[in-house]
Amino acid sequence: MMQVTPIPAFTDNYIWLISNEAAQQAAIVDPGDAAPVLEALQRLNMQPVAILITHHHRDHVGGIEKLLQAYPGLPVYGPVNERIPLVNHPLAEGEQLNLESLGLSFSVMELPGHTAGHIVYYGEGSLFCGDTLFANGCGRVFDGTLDDLFHSLQRIATLPADTQVYCTHEYTVDNIGFAKWVEPDNAALDIRMEECWALLDAGYPTVPFELGREFETNPFLRTHIPEVIAQAEEIAGRETHTPEDVFAVLRIWKDTEYD
């Protein structure tokens, strides 16, 4: 059985530890900081077997060097289309990552948008998606494009509704706030907000989350909904003609007015 442990880092990052407790071994996803990872490995009595990277941003790769100093020879998997110096096992669309010591296997999907070469890992009913999809939101566009990100999110939307999504930031409450700008009358958002605050007040993260719930509350996956289209057109001051257009209006609005 796969166990996944969140390791908080910086102000709002999560580094994910994918482990097999019986084997006392683990893979590390997006270690932006080595210190909390080393502490967690020692506390949980885990031996790392791999590092998995989704994209090149410092808060996802900054801890690799110190982890390799502590565990020489550790394989580092990451996107083939991004320059990440310490990645020694580049991965591309459609490749299979087999973590045999954990008894786990993940498919690699290239999902550009947040960055041009962003990849995600899908398997075991779970998606480790870096900064592509967030609970009730999505990543900013840096060196990818808005069109890339829209189509990447649409690919995620085709995965099973019960997929557990492991993103890498605690942005949920903030994202719900923006979603309420888009759909102020969406009652599902109020329910989601209450649930999130209950988790946070109890000391738990709001992630992972079930993909299927995003279709009720995430405006970036609801660009075909009449209320979302109407709000986008009001903000843009013009008609929108495609879901991609609606998406672009919403993402730019959030970037410039909300964040």
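Rings of Phe, Tyr and Trp (for Trp, its six-membered ring) pair if their centres lie within 6.5 Å; planes under 30 degrees apart count as stacked, over 60 as edge-to-face and the rest as tilted. I am reading a predicted model, where local features need pLDDT of at least 70, side-chain atom pairs count only at pLDDT 80 or more, and totals for chains, interfaces and linings use all residues. Residues are numbered from 1 along each chain as its sequence is written, and side-chain values use heavy atoms, with hydrogens and water left out.

I looked up the ring pairs and got 11 aromatic pairs in the structure. One of them is Phe178 with Trp181, a tilted pair with 6.2 Å between centres and 50° between planes. Both sit in helix α5 (residues 172-182), 3 residues apart, so about one helical turn separates them. (Helices are DSSP runs of H or I, at least four residues, numbered from the N terminus.)

Next I checked burial: under 20% relative accessible area is buried, over 50% exposed, in between partly exposed (1.4 Å probe, protein chains only). Phe178 is buried at 0%, while Trp181 is partly exposed at 38%.

Then I went to Phe220 and Phe247, which pair edge-to-face at 5.6 Å centre to centre, with 70° between the planes. This pair links distant parts of the chain, 27 residues apart: Phe220 is in the loop between α7 (211-217) and α8 (226-236), Phe247 in helix α9 (residues 243-258). Phe220 is buried at 1% relative accessible area, and Phe247 is buried at 0%.

Which residues do ring pairs link into a cluster? I noted Phe150, Phe178, Trp181, Phe220, Phe247 and Trp253.

Key. Helices (H or I, at least four residues) and strands (E, at least two) are DSSP runs, numbered from the N terminus.
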